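Please look over the structure below with these notes beside you.

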Amino acid sequence: MALFSSSTRDLPPVASVPQHVAVIMDGNGRWAKKRFLPRVAGHVKGVELVREMVRSCLERGIRYLTLFAFSSENWRRPQDEVTLLMQLFVKALEQEVEKLDRNGVRLRVVGDLSRFEPRLQALIREAEARTAGNSALELSIAANYGGRWDIMQAVNRLATSAPEKLGAWTEADLEPHLAMHFAPEPDLFIRTGGEERISNFLLWQLAYTEFFFTPTLWPDFNAAEFDKAIASYQQRERRFGRTSEQLTEPPGA
């Protein structure tokens, strides 16, 4: 059974502050290039911005933060950059988990982790176990993740768990098998860096999410920029298929 309601079946609760924010952290390499630095310098700076984003979410009462750190398509990048990204991932886990735990942040890593080196997989398991009891904020890092992969692995799990319902599966049957089954659908999706696409990120979950695209490169996306995204979200009319008039009708009308 799914833990949260589906926006295509039910009317999700709407609050002035988004409950779940999902982010594609784009622009690290361009940020470094503008400063005549190697691309990895941008990724290092980007990790620092993750700390600020986590702090901003805690201060604003946001309960779920999902960050797209490494897509299933990012393996196509130059091998030296991929290697440096993996090393940076290891370093971040070694240095940041104690701080996350101290601040009540639960860490999860979602994606196909089987392609990572054993040491990285072990660090992920240890970090998730250490922070499992925390509830101030759920921080999910999507790594070797793709939306199509997510749907396919969920279908395969469903086929194994409920073969007798083949031909009659429903959304509700599939949702518990999705990688983000433990979180509500994102209220706000942010992409930095100027691109305006979702790049195979949370394809199932973004059905009724509000989108915010900004030219600001991720290393420059500070708390003030985050507040701009939230202010934009607060101006949206979240109808979920209804008309504007229905939103103003009194209950029971």
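1. Helix α2 passes α3 in a right-handed crossing, a term used when the near helix is turned clockwise from the far one by less than a right angle. Helices here are DSSP runs of H or I with at least four residues, strands are runs of E with at least two, and both are numbered from the N terminus. This is a predicted model, in which local features need pLDDT of at least 70 and side-chain atom pairs count only at pLDDT 80 or more, while totals for chains, interfaces and linings use all residues. Residues are numbered from 1 along each chain as its sequence is written, and side-chain values use heavy atoms, leaving out hydrogens and water.

2. The axes of α2 (residues 39–60) and α3 (residues 79–102) come within 11 Å and cross at roughly 25 degrees, each axis being a line fitted to C-alpha atoms over the stretch in contact, with angles from 0 to 180 degrees between N-to-C directions. That makes α2 roughly parallel to α3, since angles under 35 degrees count as such.

3. Where the two helices meet, with contact meaning heavy atoms within 4.5 Å, the α2 side includes Val 40, Val 44 and Val 47, and the α3 side includes Leu 84, Leu 85 and Leu 88.

4. In the whole protein chain there are eight helices and six strands, and the order along the sequence is β-α-α-β-α-β-α-β-α-α-β-β-α-α.

5. Of the 253 residues, 46% count as buried, that is, under 20% relative accessible area with a 1.4 Å probe, protein chains only. The C-alpha trace spans about 60 × 45 × 35 Å along its principal axes.

Note on methods. Angles under 35 degrees count as roughly parallel, over 145 as roughly antiparallel, 65 to 115 as roughly perpendicular and the rest as oblique. Buried means under 20% relative accessible area, exposed over 50%, partly exposed in between (1.4 Å probe, protein chains only).
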